[in-house]
2 protein chains.
Amino acid sequence: MSAEPQSHGAFDRHPLDRLFRPRSVVLVGASENSAWSQLIHGNLVQMAYPGAIYLVNKRGAAAHGQDAVTSCTLLPAIPDLAYIFVPTEAVADALHDVAAAGIRHVMILSSGFGEAGAKGAALQHNMVDIAQANGIRFMGPNSLGFINYADAIAVSPFPVEKDYVPGTLGIVSQSGATTNVIAGFAQQQGIGLSYAIATGNEADVGTAEVVDFLVADPATSVIAIFAETIGDMAGFRAVAQQANAAGKPLIVLKVGRTELATQLAQAHTGSVTGDDRVFDAVCLQDNIIRVDTIEELVVTAGILCHTGPIEGSLGIISISGGACEIVADTADTVGLPLPAFAPETNAGLREMLPDFGSVYNPLDVTGAAVRDPSLFERILTLLAHDPAIGLTACIYDLPRGPDDFDNAQALACIGRGLAAGQKPGLLINQSLRPVSAHSRAVMARNGIAAVTGGLDHAVRGLAHAVRWSRNRDSGDKSEAVRRPVSSGARPQSELEALAYLSKQGVPVIPHRLVLAAGEAIDAWQAMGSPVVLKIASPAILHKSDFGGVCLNLNDAAAIEEAFDGIIAAARVAYPDAPIDGCLIAPMRSDGIEMFVGTARTAWGPAIVTGLGGIWIEALDDTSLRLLPITRQDARDMLDALKARRILGGYRGGQAVDLDALADAIVAIGDAALALGPDLVALEVNPLRVHGSRIEALDALPIWDDAA
Amino acid sequence: MSAEPQSHGAFDRHPLDRLFRPRSVVLVGASENSAWSQLIHGNLVQMAYPGAIYLVNKRGAAAHGQDAVTSCTLLPAIPDLAYIFVPTEAVADALHDVAAAGIRHVMILSSGFGEAGAKGAALQHNMVDIAQANGIRFMGPNSLGFINYADAIAVSPFPVEKDYVPGTLGIVSQSGATTNVIAGFAQQQGIGLSYAIATGNEADVGTAEVVDFLVADPATSVIAIFAETIGDMAGFRAVAQQANAAGKPLIVLKVGRTELATQLAQAHTGSVTGDDRVFDAVCLQDNIIRVDTIEELVVTAGILCHTGPIEGSLGIISISGGACEIVADTADTVGLPLPAFAPETNAGLREMLPDFGSVYNPLDVTGAAVRDPSLFERILTLLAHDPAIGLTACIYDLPRGPDDFDNAQALACIGRGLAAGQKPGLLINQSLRPVSAHSRAVMARNGIAAVTGGLDHAVRGLAHAVRWSRNRDSGDKSEAVRRPVSSGARPQSELEALAYLSKQGVPVIPHRLVLAAGEAIDAWQAMGSPVVLKIASPAILHKSDFGGVCLNLNDAAAIEEAFDGIIAAARVAYPDAPIDGCLIAPMRSDGIEMFVGTARTAWGPAIVTGLGGIWIEALDDTSLRLLPITRQDARDMLDALKARRILGGYRGGQAVDLDALADAIVAIGDAALALGPDLVALEVNPLRVHGSRIEALDALPIWDDAA
């Protein structure tokens, strides 16, 4: 770590640079009697902050062995950053004072705002007004500050470990306590940090902007995020795409999968967690790694800090057969591919291990490597030269302290083997154990660059790292998606919607509007097959409920009866509805019914698809993506359905033309986008699919009447 | 730990008592040059083994500062236990020598047997023969021995930690390396051990018998198992039921979920892992906790070592809102109920925390408890007196070393709060961190009885512990299941099978065998509804394929045509099959089709059910249990189906009478059992279900022709 913040050039300085790399700091609310004040001041001193530290105390009382003034306007210079931790009701005055002193970057620790009901929300709103009026950018309220490990600056009440490990992992979290837990766990695992930042209520500076800072920060290579909510959704997606382009993975632990967690988040920082399934789609589409636990967050980040993007698959060995079996089971569960080795690798292994019947990946090197540790080096070197292998790993427990068993010879061989072939190599502890200063010394002595573990977390982290690396190439594809221009159309009825969809390239069933029974009979004869008759009215959404649909009609008398019956029933059920007549179309019964619908969400318009019918709806088997989507996205959506097998032609059914179906789904999404932001939803239900014949049989647009 | 093995009375001594609590030991293969010998001898000495240690060396060379003899027959006494670690090819001779000396308990470390192909398997078979002929019980080969912490006896090459924590967790594993990892991780987490036992290839003593020893062992309260395979399946189920009755949870990490892990296990210890879904059913039915990772195994065990059976739900608090949200999400995922507090608890909480809008479980006590740590004690005490709460927990990080932040006041309040109300109380670390000697001293100082963590593992472990506690009551219900006596029947055809099922109490559709078209017409008239005609022949299993089934017949001409057509088609398709005629039954089209089938498995006969039709089959949505089952088992099977919602009357469909359906499933299972062990499978497909009308429409018995 450098002793002093490096100065960036004026032109490339990030808007938050002065906040996270301040040259001077004022503590507003400093007091000898305040635990906050003691902790914050103590951290600055402990990390040997080289800049000026000023204190503001409302009575001007000295604190921490240093004089204080009663107002920021009395300071001898304008500090880069003010940290405010006065009582809730005094925050507004403090902010005015800070503004009057010309300070432009602020953090607010005080709580009792957005997280504390309507009164607190009003106070927070006022805070934003004051800041905006004075050109102030601020983090908080309810922000427990940050630790900048890269420049050794802590502006935070959280204790900083004395022998902390600096590195390239940046941590961002709304929750201060959780920031501290994540940072502490990373340090325990020997993972070096660049920043740990607690954003609090995010009334101004939010997660997206902090991530933007870290993506631009040269000290940071991997970004770990704990989020209750994402405030600036468009900003977050944009910065995720920048991170991807920069090769810096974003790893997110986002709570709010459940109703209870959502309520707790509301009570905690006043945030609304949003629809969890839509956030899953964001992560898929923007190549963000989503994790479920703090351990998974940190272990995954630690692996990626070492490997960066991985080019190829994992080759993994162990002297424990049990460990190999656990790895195999877990890899399958989490989707980590463990391909067989290349034939020349297998041949080389058989030469080294002549007693082996079969060779697997993971490779159980058995007690042979206990008797002859050079096998570790020779086998890992062989794997590193396998063209399909992008990363080697060896499962072996690293000593934590001087009392731990330390097989120096084996570790030296493993160190040389993992360093072979210019590919990243990882040691994996069998269970999750700390990587102590002693462990790091053992690693340094043996040339072991990185360690992770235990088996479960390592395999999960490796699966994320490999998947992220593979998806990077296609990461910016959404840029290439043609964004549909607004069509200006506003279809209301099924008839208008089908016509609109057809014009937009969606395959639609042949159909006609008929105004009388005679016309219907003519149409039936022209169609040459059994037909369906449906009421045509822009005001009637639920056609089946009152008898507005008749299926499978195949003679003139039945058609006449059906037409008259539908019109009569509609007049009774909807006396005020304008009735256009009936819609007639061929009856379809072969193939499979799909559902395709679009919907507005907090993250923008999204599209959902799944098989139709009550079975699948009851099973909740649908795929969701944000619009626009590519054909590959649509194929991925179909592949993600549990019912995917049925589309492939299950039990003698005809296989669906998946490309044609994907094209239809893309076209429906594009058509919905072209209807503009007032469209609430566009449902195509069913989209009937039989081999390569894809047809929208019905369509329902729903508009925001307030718009 | 006691300095000397306690002697059990002769009558209650377990058959393995002398193996795991030997009063004297001989090391066969002892040598100054053998690493194994050094490690094994060193462990005995390090743990201050009070009994005699004898050495056998083929040349009689002294080792480890002690004389050796060339044969066990030359020893001055008969040791309780011999540990053999000579080369593979010398094991048989060593075993003969041990036998000649009168030794009756043996462990064999040597490898190269069942895990090493056909030649090794033959050697292992020979080893078993020698042992049986001489009344020897042995563990291994390929066994890395055991550490008996309760009596301080290590007969194992694995290093024993100098300051190990004794306790009540017993560990059993086939894999020696994995035993060591599990024991080491438990020790890291401060979880005390009674035994760590590595069974190896299990040629004689297997996991089931070792678990039986631990269930009987007064020092052991919880048993953790790592298994590649379960050899003695009936023994394992029996001991699982004893463990349940004794209130000692069994927690199992069993590999072999995937094909690759199965292959690796075969290569590792020569074991076949078996059908994983059947083992899931065993765990469900015998109240065994099945886990997926080493960490989950150990954390769950650690929780149960402290809590024992839990009577009620969990009440949990934290000063971190983020932690509460993570707990809420994880609890939902893993099925840990977090019920709301009782009204009087809520009232008490509102009094203590007047600023709170709402009160949730988990309870975010916010910074209020930082300012006033007495809140910890008062709130936890309040929860401990909530009648529905059986266990309290507080999320708070325990210091690992003197440098860690140690809020003595808060920890003291938490200690008193967790001890309140005579209910178990747990501290939960936010991330998975070691529980060091320092941590344990802090706990002792503050009266904190137990700690676990991190959040994810703790919630998973608590979910297991609560579920295990709840299921204990119903644990021995399988004893109460009426075990059907053999019926002596051997139905072959559909007709015989339907008749048999009906006799056994399974509801079967009304049906008749008809020998001519005229009879069929008479039957149709008597039935008064559309009918189905099906070929009746014991030799024709697949009736639909060749036109042997006609549906929905409702006039005399159609029935005549169908009858003649079916018979003619059958004569063409199966010229040699005896044809009984046709089976006629009313046509059913309402309701839902279920599939119910039984099958022989390695664990005994099992029953499977799920919805019929291609959708559900394609989705692989079935429930499986071992037979016999109770009505509650059958209800649980139905509840576990993803398609469960459809049975409840989804989208206006009629709700199924679940009790009647469950009774039918139980009756089918009992009927299959009563057909005896030669029955391979009995399929009832479909079992048609409409409200409370349940009817088997078809039945197919399959017999083992070799039997």
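This is a predicted model: local features need pLDDT of at least 70, side-chain atom pairs count only at pLDDT 80 or more; totals for chains, interfaces and linings use all residues.

Residues are numbered from 1 along each chain as its sequence is written, and chains are lettered from A and ligands numbered from 1 in the order in which they are written.

Two copies of a chain are related by a rotation about an axis and a shift along it. Here a rotation of 180 degrees with 0.0 Å of shift along its axis brings chain A onto chain B with an RMSD of 0.2 Å, where the superposition is by least squares on the C-alpha atoms of residues with pLDDT of at least 70 in both copies. That is the relation of a two-fold axis. The contact between the chains draws 63 residues from chain A and 63 residues from chain B, two residues being in contact if their C-beta atoms, placed from the backbone, lie within 7 Å. Several helices of chain A supply at least two residues each to the side that touches chain B, among them helix 5 (176–188), helix 10 (294–307) and helix 17 (455–472), but helix 11 of chain A gives the most, with nine residues. By type, the residues on this side of chain A divide into 29 nonpolar, 20 polar and 14 charged; Ala, Val, Leu, Ile, Met, Phe, Trp, Tyr, Cys and Pro count as nonpolar, Asp, Glu, Lys and Arg as charged, and the others, Gly among them, as polar. Because 100% of the interface residues of chain A are also interface residues in chain B, the copies meet through the same surface.

Within chain A, seven strands form an open sheet of mixed pairing in the order 7-6-9-8-10-11-12. Helices (H or I, at least four residues) and strands (E, at least two) are DSSP runs numbered from the N terminus, and two strands pair if DSSP finds at least two bridges between them. The edges of the sheet are strand 7 (153–155) and strand 12 (289–291) of chain A, each of which pairs on one side only. Inside the order, strand 8 (residues 166–173) and strand 9 (residues 193–198) of chain A are parallel and share six bridges, and Val172(A) has Ile197(A) in strand 9 as its bridge partner.

Elsewhere in chain A, strand 22 and strand 23 (residues 604–611) are antiparallel, with eight bridges, and they form a hairpin with two residues between them. Strand 22 (residues 592–601) of chain A is also joined by seven bridges to strand 25 (residues 679–690) of chain A, again running antiparallel, and in this pairing Ala599(A) stands opposite Ala681(A).

Turning to the helices, the axes of helix 5 and helix 10 of chain A come within 10 Å and cross at roughly 50 degrees; axes are lines fitted to C-alpha atoms, for helices over the stretch in contact, and angles run from 0 to 180 degrees between N-to-C directions. These two helices of chain A are therefore oblique to each other, given that angles under 35 degrees count as roughly parallel, over 145 as roughly antiparallel, 65 to 115 as roughly perpendicular and the rest as oblique. Residues making this contact include Val181(A) and Phe185(A) of helix 5 and Leu297(A) and Val298(A) of helix 10.
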